[in-house]
Amino acid sequence: MMEKPDIFYITTPIYYVNDKPHIGHVYTTLAADVLARWHRLRGGDVFFLTGTDEHGAKVAASAAANRKTPQQFADENSERFRDAFKKLGIVGTDFIRTTELRHVKAVRAFMEKLQNATTPKGNPALYEADYRGLYCIACERFYTEKELADGRCPIHKRPVEPVKERNVFFRLSDYLDDVRNAVESDAVRVLPEERKREALGLIEQGIEDFSVSREKVKWGIPFPGKEGQTIYVWVEALQNYLSALGYPDAKPFQKFWPASVQLIGKDILKFHAIYWPALLMAAGLPLPKTLFVHGFFTINGDKMSKSQGNVIDPVALTKEYGIDGVRYLLLTQFPFGQDGDVQQGRFRDKYNTDLANGIGNFASRVLAMVHKYSGGEVPVAEGISPDVQTKIDETRVTVHDALDAFAFERALAAIQALITDGDTRIDRAKPWQLATSSPEQLPQILYDLLAVLVAITVLLAPFLPETTAKLRTTLGLGEAGGDDIPTLPPGRSLAPIEPLFPRLAKQ
Ligand code: MSP
């Protein structure tokens with residue numbers, strides 16, 4: 001009997017459209033794409049959401065600096081994100097923009113819920129008060145005096161702006177106990193463990209109620225019932241995870257909420273591990289199951305920023321390394337979840353070693369031998385040799401476990417080890433000698449090598465969609481379906497193969 005397909009809803013942060021995408025944005029979305037592809041391969045019912053965050057003071061200011069209306073500017077930059085993701089082979093189920101009517105409608109419904117909500121301590125969830133605060137426009141958030149570094153924003157090192165206005169506040173303080181319990185008990189699993197501790201630490205230090213409306217920010221969704229105020233951009237942005245599903249009552253919302261996995265970078269932990277669960281509780285909605293927080297990368301040791309002039313354009317990278325090359329390089333720089341450094345100078349070597357000389361060379365070698373010694377046909381053999389089968393099975397288990405643990409680099413290392421093992425088998429068996437000394441041994445050896453290649457094709461599919469599609473065509477495997485590793489029927493005629501990853505000359 002077929003198992004019920006698992007319902008898998010995965011989200012990325014939605015990205016500010018104040019600038020074009022850089023590899024940081026692509027990094028998170030690519031990781032989500034790998035997981036979405038993997039769940040699809042296993043027959044899961046997958047909804048993979050990404051998109052753009054288009055309101056707020058920052059976007060309005062950038063638009064003005066570019067002499068565009070905020071909407072024009074958002075349209076252009078949102079398209080650049082969509083395009084960059086497409087050029088990296090990222091296939092989302094949906095792409096949400098917060099200026100879309102469907103988002104605005106869902107946000108209105110959610111805000112109404114909040115307006116009518118009572119906290120666990122019996123207070124109204126929203127209240128009005130005067131707000132004085134220090135605002136960093138680049139972060140789109142307020143800081144307290146003690147959070148500043150030398151009187152400036154601790155992240156952007158730029159001056160903060162004193163703001164005073166009458167705002168609507170969310171009574172976060174009444175929800176903090178419940179949020180702490182949810183995080184502590186893993187009702188919302190915050191991963192990796194150190195990020196869970198960080199979230200609990202933030203709650204321990206005490207977090208104040210926050211204002212959910214803005215008087216001065218005009219580029220936003222009007223706050224229902226509050227003439228002249230807009231909804232705080234972060235509050236409505238978080239709701240994208242619901243609006244894309246058609247909250248409050250569309251079918252996808254009923255089917256996919258709560259999210260299975262929300263991927264974020266460590267910079268926005270507080271919003272996702274504390275504010276978001278509290279807002280959901282107030283609206284009476286279930287909490288996301290897992291929040292995976294990945295690290296940040298620096299470029300050759302420096303923070304990536306426009307002023308440093310070291311921002312890497314992901315689309316430019318694909319011109320050099322191809323779609324799959326970039327996907328591979330980005331995911332193997334350092335373990336997902338940790339911070340790390342991206343050294344562009346090492347991309348070429350890594351590409352040549354792991355892709356040109358690794359999978360690319362192995363595939364060419366195996367297929368060339370099948371053409372040379374077996375007339376281009378899958379040889380007739382007694383099935384796969386037990387030791388080869390064991391190696392494949394072990395690799396498959398490792399890859400599955402690693403993907404369950406968000407350890408992309410571990411999954412890829414296991415697949416690399418399988419390729420190396422295949423290469424070693426060729427070197428040991430020396431088919432070119434057997435062809436004259438003991439040709440009767442060749443069919444089994446070639447059959448085993450083809451089995452390794454088929455396994456690699458399946459295991460690598462979520463990571464390298466283009467390459468594995470080419471290999472599937474060559475091996476006559478058709479569309480990827482299921483994560484079971486198929487066997488090749490003896491006698492099947494195989495097409496020749498073009499180099500998958502042409503070697504790049506040293507720079
Ligand atoms: N719009 C908010 C998120 C709202 S979600 C409801 C935002 N946008 S952002 O454009 O600044 O994107 C932040 C995200 O981009 C990070 O959380 C991370 O996923 C990714 N990254 C940005 N720079 C990065 C690095 N240098 N390294 C790794 N990821 C990076 O915050």
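These legends describe close-up views of a predicted model. Local features need pLDDT of at least 70, side-chain atom pairs count only at pLDDT 80 or more, and totals for chains, interfaces and linings use all residues. Residues are numbered from 1 along each chain as its sequence is written, and side-chain values use heavy atoms, with hydrogens and water left out.

**View 1. The shell around the ligand.** The ligand has 23 residues around it, and I14, T28, D53, G265 and D267 come nearest. By type, the shell divides into 12 nonpolar, nine polar and two charged residues. Ala, Val, Leu, Ile, Met, Phe, Trp, Tyr, Cys and Pro count as nonpolar; Asp, Glu, Lys and Arg count as charged; the others, Gly among them, count as polar. Strand β1 gives the largest share, four residues.

View 2. Polar contacts are pairs of N or O atoms within 3.5 Å. A polar backbone atom of Y16 is 3.1 Å from a ligand oxygen. A polar backbone atom of G265 also lies 3.1 Å from an oxygen atom of the ligand. At F297, a polar backbone atom is 3.1 Å from a ligand nitrogen. Taken alone the ligand exposes 680 Å², of which the protein buries 93%. These areas come from the Shrake-Rupley method with a 1.4 Å probe.

View 3. Helix α2 spans residues 57-65, and its buried residues are A57, K58, V59, S62 and A63. Buried means under 20% relative accessible area (1.4 Å probe, protein chains only). Helices are DSSP runs of H or I with at least four residues; strands are runs of E with at least two. The buried residues of α2 pack against β1 (7-16), β2 (45-53) and α3 (70-87). R67 follows α2 and has a positive phi, near 55°.

**View 4. S305 in its loop.** S305 is found in the loop between β14 (302-303) and α11 (314-331). Its relative accessible area is 18%, so S305 is buried. Leaving aside neighbours within four places in sequence, S305 is in contact (heavy atoms within 4.5 Å) with N310 and V311.

**View 5. The largest nonpolar core.** This core holds 89 residues; I10, L263, F362, L403, F408, I456 and F463 touch the most other members. Such a core is a set of buried Ala, Val, Leu, Ile, Met, Phe, Trp, Tyr and Cys residues joined through side-chain atoms within 4.5 Å. Helix α16 (residues 442-459) gives the largest share, 13 residues. Apart from this core lies another, of 72 residues, including A129, L176, F210 and A244.

Technical notes
Buried means under 20% relative accessible area, exposed over 50%, partly exposed in between (1.4 Å probe, protein chains only). A residue is near a molecule or strand if one of its heavy atoms lies within 4 Å of it. A polar contact is a pair of N or O atoms within 3.5 Å; within protein, one must be able to donate a hydrogen and the other to accept it, and residues adjacent in sequence count only if both atoms are side-chain atoms.
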